[in-house]
Amino acid sequence: KNHHRGRSSGINAEYGETRLKSVKNIRKITSSMKMVSAAKYARAERALKPARVYGTGAESLYTKNEFESGEDKLILAISSDRGLCGGVHSGLGKAIKAAHAEKPITKTIIVGDKAKAILQRTMGDTFLATFNNVGKKPASFTDAINVAEEVLSHEADTVDIVYNKFINVVSYDSTTKPIPGVASIEANDAIYNYDEVDSEVLKCYQEFTLANIVYHSIREQECSEQSARMNAMENATRNAGEMIDKLTLAYNRTRQAVITRELIEIISGANALE
């Protein structure tokens, strides 16, 4: 309802026009971000396929055998530096906080500024290392090696990798992947069925498989994030469109009220002169 007196109608019409302009500009931005995300998502999905092959291959030893999980756990959280992608990072943070509430976590390595910001307040004292500049450009195997080397430089019975597993274009799932430490692998007698296995061989194997699994996890996270950003920007563009329709209606009503009032004033003035 627009009941305006005096100059307020003019001011409101101006305000309505400014607001309309700004929402239209926002729609342009969200729309172009959606296009960019769609292209990046297509690329991320293509890159995920080969990474998935390596990752699941590297995991097969851990999934097919039983290993002691041990008390000493290290959490590796994989996110990125970029936001505007729905609940991708907050879901990850929630999963880690829930695990921390259940059983206190003492060691965490964080990949990406978003997870760092979410966990800083409650778990900042558990951070062993943090990586940033993630998500600006597609991840390379070198990035995964750097993360894996950092993980292996700290003693732990098990490394829990927490990331978002890509399911399809509209869904992803916060996943925790436990990777046993070298000591846990050595403690399993089944390993010695293979020829010439000693601790040096196991250490090298652990390094290589961990790098593969980390690379796979980063790719899964990347793909989840791009699809979520694409959906978030699509929703934002649609919401902006609805808002523009409402604002246009309100703006036109205000303008009509101003014109009507001015006409009445002119007619009243003319009548008074007669």
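## Helix H4 and its packing

In this predicted model, the buried residues of helix H4 pack against S1, S2, strand S3 (127–131), S4 and H6. Those buried residues are Ala144, Val147, Ala148 and Val151. Looking down the axis of H4, they fall within an arc of 100°, so they line one face of the helix.

## The nonpolar cores

The largest nonpolar core has 32 residues. Leu76, Val151, Ile161 and Val214 have the most contacts inside it. Six elements are listed as giving two or more residues each: helix H1 (8–64), strand S1 (73–78), strand S2 (107–111), helix H4 (141–152), strand S4 (158–168) and helix H6 (199–273). H6 gives the most, with 7 residues.

Leaving aside neighbours within four places in sequence, Ile161 is in contact with Leu76, Ile78, Thr175, Thr176, Lys177, Ile179, Leu210, Ile213, Val214 and Ser217. Two of these partners, Leu76 and Val214, are themselves named among the residues with the most contacts inside the largest core.

## Aromatic pairs

The structure holds 3 aromatic pairs. One of them joins Tyr41 and Phe166. This pair is tilted, at 5.9 Å centre to centre and 50° between the planes. It links distant parts of the chain: Tyr41 sits in helix H1 and Phe166 in strand S4, 125 residues apart. Tyr41 is buried, with a relative accessible area of 10%. Phe166 is buried too, with a relative accessible area of 6%.

Phe141 and Tyr215 form another pair. Their ring centres are 5.5 Å apart and their planes stand at 75°, so the pair is edge-to-face. Phe141 lies in helix H4 and Tyr215 in helix H6, so the pair ties together parts that are 74 residues apart in sequence. Phe141 counts as partly exposed, at 30% relative accessibility. Tyr215, by contrast, is buried, with a relative accessible area of 14%.

## A buried glutamate

Glu59 is placed in helix H1. The side chains of Glu59 and Lys177 are joined by a polar contact of 2.9 Å. Not counting residues up to four places away in sequence, Glu59 touches Lys177, Ile213 and His216. Lys177 and Ile213 are also among the contacts of Ile161.

## A loop residue with positive phi

Leu84 lies in the loop between S1 and helix H2 (88–102). Phi of Leu84 is near 55°, a positive value in a residue other than glycine. Leu84 is exposed, with a relative accessible area of 56%. The cut-off for exposed is over 50%, so Leu84 passes it.

Notes: Residues are numbered from 1 along each chain as its sequence is written. This is a predicted model: local features need pLDDT of at least 70, side-chain atom pairs count only at pLDDT 80 or more; totals for chains, interfaces and linings use all residues. Side-chain values use heavy atoms; hydrogens and water are left out. A nonpolar core is a set of buried Ala, Val, Leu, Ile, Met, Phe, Trp, Tyr and Cys residues joined through side-chain atoms within 4.5 Å. Buried means under 20% relative accessible area, exposed over 50%, partly exposed in between (1.4 Å probe, protein chains only). Helices (H or I, at least four residues) and strands (E, at least two) are DSSP runs, numbered from the N terminus. Contact means heavy atoms within 4.5 Å. Rings of Phe, Tyr and Trp (its six-membered ring) pair if their centres lie within 6.5 Å; planes under 30 degrees apart count as stacked, over 60 as edge-to-face and the rest as tilted. The arc is that of the directions from the helix axis to the C-beta atoms. A polar contact is a pair of N or O atoms within 3.5 Å; within protein, one must be able to donate a hydrogen and the other to accept it, and residues adjacent in sequence count only if both atoms are side-chain atoms.
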